[in-house]
Amino acid sequence: MADVFKALAEPVRRSVLDLLARQPLNVNQIADHFPAMSRPAISQHLTVLEEAGLIKIYKAGRERYGCLHRHAFDDLQAWLGKFLALGVPVGEYGILLNPENLSDAEALTQPVMLQAMLSRDARFDGRFYIAVKTTGIYCRPVCSASPKPENVLFFRTSAEAVKGGFRACKRCKP
Ligand SMILES: [Zn+2]
């Protein structure tokens, strides 16, 4: 995948992919789209794209043609899918927590609870409670209240939050 990302990092190479998404072109036709670039520079870009598996260059008669090669695009989709499968994005924080890591109590670390709170992840409802130091109130992770991260404490149970001196939120009724 490293060569795919390296190939895609260059704007000229992404433009070549856009061109080839419309139709296969011979190398001269590709080069005609980049009048400011030398022919060897264009050839070099095509080589990088081919080595990354993004295009295929083939010979027909005296011409060399470039066309998109599906393989690298499938790899890219699989790579992206791994992240997108982690959860449905909610709000500006999205959810990129792995559901497989959510089942045991040790998985509920401070950063996990913080992100679950920021993304109001319903999968955490009932698994921890958010106490707000500035208001003395505690909430469920799905509460519509948006406390500042620096003002919150996390409790595993409602009873612990009460013992800590916090009152139940009237909105989310923890
Ligand atoms: Zn609440």
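Predicted model: local features only at pLDDT ≥ 70, side-chain atom pairs only at ≥ 80, totals over all residues.

Trainee: Into which domains is the protein divided?

Mentor: The division is into domain 1 (2-72) and domain 2 (99-168), with bounds that come from an automatic or database domain assignment. Taken over C-alpha atoms, the centres of domain 1 and domain 2 are separated by 51 Å.

Trainee: Which residues of helix H6 are buried?

Mentor: In H6 (residues 110-118) they are Met 113, Ala 116 and Met 117, where buried means that 20 or more other C-beta atoms, placed from the backbone, lie within 10 Å of the residue's own. Helices here are DSSP runs of H or I with at least four residues, and strands are runs of E with at least two, numbered from the N terminus.

Trainee: And what do those buried residues pack against?

Mentor: They pack against strand E4 (129-132) and strand E6 (152-155), contact being C-beta atoms, placed from the backbone, within 7 Å.

Trainee: What does Phe 154 touch?

Mentor: Phe 154, which is found in strand E6, touches Gln 110, Met 113, Phe 128 and Ile 130, not counting residues up to four places away in sequence. Phe 154 counts as buried because it has 20 C-beta neighbours inside 10 Å.

Trainee: Switching to the largest nonpolar core, which residues touch the most other members?

Mentor: Of its 16 residues, those are Tyr 129, Ile 130, Ala 131, Tyr 138 and Cys 139, a nonpolar core being a set of buried Ala, Val, Leu, Ile, Met, Phe, Trp, Tyr and Cys residues joined through C-beta atoms within 7 Å. H6, E4 and strand E5 (137-139) are the elements that give two or more residues to this core. Another core, of 10 residues, lies apart from it and includes Val 16, Ile 30, Leu 46 and Ile 55.

Trainee: Last one: at what angle do helices H2 and H4 pack?

Mentor: Helix H2 (residues 11-22) and helix H4 (residues 39-51) pack at about 75°, with their axes 10 Å apart. That makes H2 roughly perpendicular to H4, a description used for angles of 65 to 115 degrees. Val 12, Arg 13 and Val 16 of H2 make the contact with His 45, Leu 46, Val 48 and Leu 49 of H4.

Key. Residues numbered from 1 in each chain as written. Buried ≥ 20, exposed ≤ 12 C-beta atoms within 10 Å, placed from the backbone. Contact = placed C-beta atoms within 7 Å. Axes fitted to C-alpha atoms, helices over the stretch in contact; angles between N-to-C directions. Parallel < 35°, antiparallel > 145°, perpendicular 65-115°, else oblique.
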